[in-house]
Amino acid sequence: AIGCLGIVNESLIYSYNDKIELLPAVPKSFKNGEIAGIRTRNRCIIESLIWDFENSVIIATVTSEINQTLTISCGLTEDEEEITFEANNPRTLEFTF
């Protein structure tokens with residue numbers, strides 16, 4: 001990721017090896033938001049990431065380009081889920097905090 005846009009993207013979605021972290025460093029001023037269509041380093045697309053601090057919920061829809069197992073976590077909680085993806089089959093996850 002390069003430049004300011006890359007910094008903002010990585011504060012919302014960070015990926016490495018077999019891990020994706022949602023909202024690892026989201027600014028507190030971003031109380032509610034949505035981002036879509038972000039590609040990760042591990043061959044996934046974040047189809048949608050919605051967060052709402054007032055209702056303490058994060059909902060993400062993730063599609064993998066390949067069959068793989070990934071650990072997905074949320075930077076606002078200690079929660080993480082190990083998800084087995086089938087190629088091109090979207091999965092929706094919900095984290096509460």
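## Salt bridges

Three salt bridges turn up in a search of the whole structure, where a salt bridge is a side-chain nitrogen of Lys or Arg within 4 Å of a carboxyl oxygen of Asp or Glu. Side chains of opposite charge can pair when their charged atoms come close. This is a predicted model, in which local features need pLDDT of at least 70 and side-chain atom pairs count only at pLDDT 80 or more, while totals for chains, interfaces and linings use all residues. Residues are numbered from 1 along each chain as its sequence is written, and side-chain values use heavy atoms, with hydrogens and water left out.

Let's start with arginine 41, which forms a salt bridge with glutamate 10; their closest N and O atoms are 2.5 Å apart. Because arginine 41 sits in the loop between strand 4 and strand 5 and glutamate 10 belongs to helix 1, this pair ties together parts that are 31 residues apart in sequence. Helices (H or I, at least four residues) and strands (E, at least two) are DSSP runs, numbered from the N terminus. Glutamate 10 has a relative accessible area of 26%, so it is partly exposed; buried means under 20% relative accessible area, exposed over 50%, and partly exposed in between, with a 1.4 Å probe and protein chains only.

## The network around glutamate 65

Arg39, Arg43 and Glu65 are linked in a network of salt bridges. In one of its pairs, glutamate 65 meets arginine 39, with the closest N and O atoms 2.3 Å apart. That pair links distant parts of the chain, 26 residues apart: glutamate 65 is in the loop between strand 6 (57-64) and strand 7 (68-74), and arginine 39 is in strand 4.

Glutamate 65 also forms a salt bridge with arginine 43, and here the closest N and O atoms are 3.5 Å apart. The two are 22 residues apart, with arginine 43 in the loop between strand 4 and strand 5. As for accessibility, glutamate 65 is partly exposed at 30%, arginine 43 is partly exposed at 45%, and arginine 39 is exposed at 56%.

## Asparagine 42

Asparagine 42 is found in the loop between strand 4 (38-39) and strand 5 (44-52). Its relative accessible area is 5%, so asparagine 42 is buried. A polar atom of its side chain lies 3.0 Å from the backbone oxygen of lysine 19.

Beyond its neighbours within four places in sequence, asparagine 42 is in contact with residues including Ser15, Tyr16, Lys19, Gln68 and Leu70, where contact means heavy atoms within 4.5 Å.

Two strands pair if DSSP finds at least two bridges between them. Strand 1 and strand 2 (residues 19-22) run antiparallel and are joined by four bridges, and tyrosine 14 stands opposite glutamate 21 in strand 2.

Technical notes
Polar contact = N/O pair within 3.5 Å; in protein donor to acceptor, adjacent residues only side chain to side chain.
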